[in-house]
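Please consult the sequence and the structure alongside them.

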Amino acid sequence: MKNPDEPGVFEKSIEEKVIHPGGDFTAQSLVKDDYLYALAAKDPLAFWAGMAESINWSKRWEQVLDGSGAPFYRWFTGGELNASANCLDRHVLGGRKDKAALIFEGENGERVSFTYAELHKEVERLGCALRKLGVKKGDGVTIWMPMIPEGIIAMLACARIGAVHSVVFGGFSAEALKTRILDAGSKVLITADGSFRRGKKMPLKSEADRVLPECPTLEKVVIVERTALPYQRVEGRDVLYRQIMAEAGDPCPPETMKADDPLFILYSSGTTGKPKGILHGTGGYMVGVTTTFRYVFDYREDDVYWCTADIGWITGHSYIVYGPLSCGATVFIYEGAPDYPARDRFWELIEKYKVTVFYTAPTAIRSFMRWGDSLPAGRDLSSLRLLGSVGEPINPEAWLWYHEIIGGGRCPVVDTWWQTETGMIIITSLPGVTPMKPGSATRPFPGVEAGVVDEEGNPAAANQKGYLVLKSPWPAMFNTLYRDDKRYREAYWEQFPGLYFTGDGAWRDEDGYFWIMGRVDDVLNVSGHRIGTMEVESALVDHPAVAEAAVIGKSHAIKGHAIIAFVTLREGFAPGEPLLRELKDHVVKKIGALARPEQIHFASELPKTRSGKIMRRLLRDIAENRALGDTTTLMDSQVVASIREKFSEP
Ligand code: WTA
């Protein structure tokens with residue numbers, strides 16, 4: 001674990017500024033004063049029990065929180081519900097049947113939209129078709145899709161029939177897909193022939209075919225036709241989405257799920273080479289995401305809400321699919337990149353669809369800033385009323401730009417801190433009430449308790465850097481790591497007994513505001529995506545030329561972190577440009593383009609302690625071009641000197 005006090009690791013560079021919400025926004029917002037904070041503080045469990053009333057339960061829960069098996073907490077025990085029925089059926093029955101649920105625009109400008117009644121019908125159809133393919137409650141279904149409506153329909157269809165979905169980001173490689181199918185033991189893969197990215201067609205199905213023969217549990221592959229890219233059809237295994245949908249059509253009653261029955265697995269990077277299967281349940285998760293969506297995004301019936309995440313990440317799960325649809329919102333989704341066909345694509349879409357609430361990542365905001373103010377100025381963004389940020393720390397400069405240039409100074413910015421594990425937003429402002437400090441995620445959401453502790457787990461003093469922990473359970477918390485209860489305990493609950501350890505460094509100012517500094521473990525945040533340094537290292541040493549590899553993150557003005565690798569080669573391999581390219585491509589093949597190292601440096605040796613541990617800390621110092629930290633445990637100081645020399649070569 002990194003020491004948050006390590007010089008230069010986290011810069012506390014804040015010109016503190018407080019921006020008070022108010023005016024028209026507060027006058028019309030759901031929460032206008034501190035009552036929600038006060039209510040939750042008085043009795044958090046009673047608060048969450050109250051929030052659970054906005055979920056449809058087919059059987060009411062008996063106990064709000066069962067902590068008897070801690071740290072395996074169970075929420076709303078005894079309760080039964082179905083997530084897809086909460087996202088669809090109740091709106092169809094409750095007066096939103098003709099309201100737009102999902103509006104999609106493709107990269108090529110095509111537009112498709114679904115009312116709640118239409119989305120319900122599609123989901124029933126697919127649920128029914130999956131049942132016909134033999135998918136039963138508890139079975140695993142992997143979804144590897146572009147950002148198209150069928151991905152969301154697939155998630156909801158799984159939820160409907162009680163199948164546990166595992167969405168794998170479409171930008172991951174086939175090998176990464178294989179690891180995740182094998183770990184989840186999935187029976188069915190739902191994918192597409194390919195996806196569009198910046199005008200190019202990227203294959204999915206033909207890529208998957210390279211690894212599917214090594215996935216013994218997989219029985220069926222469902223293919224959505226998107227790009228007409230060619231692929232081999234495997235008789236008896238492969239079926240077309242279009243065809244099974246046409247042949248289905250029976251009603252598909254939702255499966256009854258217990259509150260802690262699994263809803264999905266989402267793989268995320270941790271500190272080892274193997275991704276963690278973060279397993280979320282149903283009842284607590286739905287209460288958590290519904291409540292936070294409503295209050296953090298100050299949900300209004302006529303909102304057009306756009307979250308730019310991909311369904312392959314937790315933000316897509318909680319704040320494109322389950323939270324907004326559970327509230328009956330109109331969700332806009334876009335297939336493509338922000339700079340295609342032009343760099344004002346997002347602003348064009350906001351103007352065109354009159355988007356009111358916009359939720360994106362700091363890395364995107366920093367790119368927009370670099371592209372210049374004239375692009376947003378050329379579009380009518382007056383429909384916007386609220387802005388959100390997620391995925392990584394947002395620097396005050398980017399925050400202020402977002403607030404001024406995109407929000408016209410009138411839209412509050414909610415900087416939402418949370419994780420795949422937490423399932424729901426944990427630290428955030430409430431847009432109508434909480435004074436905002438650019439760069440700070442502000443305060444824990446009502447009913448959530450967070451803190452900052454020192455190395456020993458004692459509360460840190462105001463403004464003292466330490467480790468971010470959660471002090472009590474929260475409803476959307478993950479159940480466990482899939483088939484790895486031991487790792488669940490060790491990774492999250494043993495660092496500081498009785499506290500959930502987030503893996504982030506933070507400090508709290510004298511007003512109790514949280515300032516998140518980023519990961520203190522071996523996880524990088526590259527463009528808002530979590531990537532484990534060990535995963536990249538494993539991918540590198542998988543190449544026959546590589547003997548050892550050490551991967552670190554170097555600060556990057558746009559991406560947050562850039563991946564920098566140091567490798568030593570096996571006997572008989574020579575460093576050079578061709579091998580460099582080959583190694584980068586190898587990482588892309590093993591993980592995906594998002595993990596492509598920005599730089600790879602060849603070294604004759606890596607700096608190690610006497611016991612043989614690679615000292616990544618020193619490599620970080622070299623990469624950041626700063627004085628070396630403590631080198632007393634370093635075995636051979638010559639090694640560092642020679643790496644530094646090479647590193648500074650142009
Ligand atoms: C980081 C994404 C600062 C943090 C929802 C966390 C943030 C990791 C913020 C989780 C934020 C997320 N400010 N840092 N507002 N939001 N992070 O699991 O390091 O992909 O631990 O979930 O992203 O990433 P994950």
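Q: How many nonpolar, polar and charged residues does the lining of the largest cavity have, by class?
A: This is a predicted model, in which local features need pLDDT of at least 70 and side-chain atom pairs count only at pLDDT 80 or more, while totals for chains, interfaces and linings use all residues. Residues are numbered from 1 along each chain as its sequence is written, and side-chain values use heavy atoms, without hydrogens and water. Ala, Val, Leu, Ile, Met, Phe, Trp, Tyr, Cys and Pro count as nonpolar, Asp, Glu, Lys and Arg as charged, and the others, Gly among them, as polar. By these classes the lining has 6 nonpolar, 5 polar and 2 charged residues.

Q: Which element gives the largest share of the lining of the largest cavity?
A: A cavity is a set of points on a 1 Å grid over the protein atoms alone where a 1.4 Å probe fits but cannot get out, and lining residues have an atom within 4 Å of a point. The largest cavity has a volume of about 90 Å³, the volume being the space filled by probe spheres set on the points, which are joined across faces, edges and corners. The elements, DSSP runs numbered from the N terminus (helices H or I, at least four residues; strands E, at least two), that give two or more residues to this lining are β2 (74-77) and α10 (283-296). The largest share, 3 residues, comes from α10.

Q: Which element gives the largest share of the lining of the second largest cavity?
A: The second largest cavity holds about 60 Å³ of space, and its lining includes Phe566, His601, Ser642 and Lys646. Two or more residues each come from β32 (599-602) and α20 (637-647). The largest share, 4 residues, is that of α20.

Q: Why is the pair of Phe169 and Phe172 described as it is?
A: Rings of Phe, Tyr and Trp (its six-membered ring) pair if their centres lie within 6.5 Å, with planes under 30 degrees apart counted as stacked, over 60 as edge-to-face and the rest as tilted. The centres of Phe169 and Phe172 are 6.0 Å apart and their planes lie at 85°, so the pair is edge-to-face.

Definitions and conventions. On a 1 Å grid over the protein atoms alone, a cavity is a set of points where a 1.4 Å probe fits but cannot get out, and a pocket is an open set with protein on both sides within 12 Å along at least five of seven lines; lining residues have an atom within 4 Å of a point.
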